[in-house]
Amino acid sequence: MFFPSDYLITELSLEIPKLKPILRSVGNIALDEMLNSPDNKVEDFLNLKLDINRKTLLMVSTWGDDSLLSTQGDNFLERALELSSIYNVILSLHPNCYNKKSTDGKRWPHLLEQCKKTKNMYVVPPAGNIFHLMKYIDLYVADKTSLSLYFSILEKPMVLINNPGMAFNKVSPTHLIREITPLLDDVNEFTSDFIENVISNFNQAEYSELSQRICSYKGQSLTRHKIEIYELLGLSYKPE
């Protein structure tokens, strides 16, 4: 079983000792793609019609009954629209948010259409890749989406939204992130004053330690995968 970090393997081995012999730490290939993406901020912002002189927010929701969009969807998008008068706002929704079951009878799809037409806002297309944009983000806000695992590696300010329906194992990387990240119960509390306070008081050292726990072998994940796969096949890996 492949896992992204030495820390997670150590913790999981303590929880379920019988798994230890089959656990391997290999890093994360998708994360390496994000870390190695070129910095083309001026060109990217021009293409997305964002203001290069503004701070940029990434606002994210996964899908499901306890997701941010399902529980506070109208307020979430209204906040995004209001904040676009001060910040660039990149809005990313899980592809399943667009299906009929998620949108029927809801007001937020109409707000989403308004977001698409609003200056200094970019709505990521369903299943669109935003890894190349992550390094430009000044503050990230989301629910329980796995995208938080990737963003946390960048060691930049984050805010997460609470929901009573969410529960996490103590070994879960998401649980680790939530231990050091500001949490909000109500998305209406996500104001410009709150945003500036989070950015100003951001403790990068905490996230640097977290980054090491969540992912090992940064930039080397593909090689780590090859080494482990070759070993499992009884072969010796020779670098190209």
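1. Let's start with E43, which is found in helix α3 (helices are DSSP runs of H or I with at least four residues, strands runs of E with at least two, numbered from the N terminus). E43 counts as partly exposed because its relative accessibility is 48% (buried is under 20% relative accessible area, exposed over 50%, partly exposed in between, with a 1.4 Å probe and protein chains only). E43 and E179 are 136 residues apart in sequence, and 36 Å apart in space, C-alpha to C-alpha.

2. A word on the basis: this is a predicted model, where local features need pLDDT of at least 70, side-chain atom pairs count only at pLDDT 80 or more, and totals for chains, interfaces and linings use all residues. Residues are numbered from 1 along each chain as its sequence is written, and side-chain values use heavy atoms, with hydrogens and water left out.

3. On to the rings: Phe, Tyr and Trp (its six-membered ring) pair if their centres lie within 6.5 Å, with planes under 30 degrees apart counted as stacked, over 60 as edge-to-face and the rest as tilted. By this rule there are 6 aromatic pairs. One of them is F45 with Y136, edge-to-face at 5.7 Å centre to centre and 80° between the planes. Helix α3 (residues 41-48) holds F45, while Y136 is in the loop between β5 (121-123) and β6 (139-142), so the pair links distant parts of the chain, 91 residues apart. Both F45 and Y136 are buried.

4. F131 and Y150 form a tilted pair, 5.1 Å centre to centre with 40° between the planes. This pair ties together parts 19 residues apart in sequence, because F131 lies in the loop between β5 and β6 and Y150 in helix α7 (residues 147-152). F131 counts as buried, at 12% relative accessibility.
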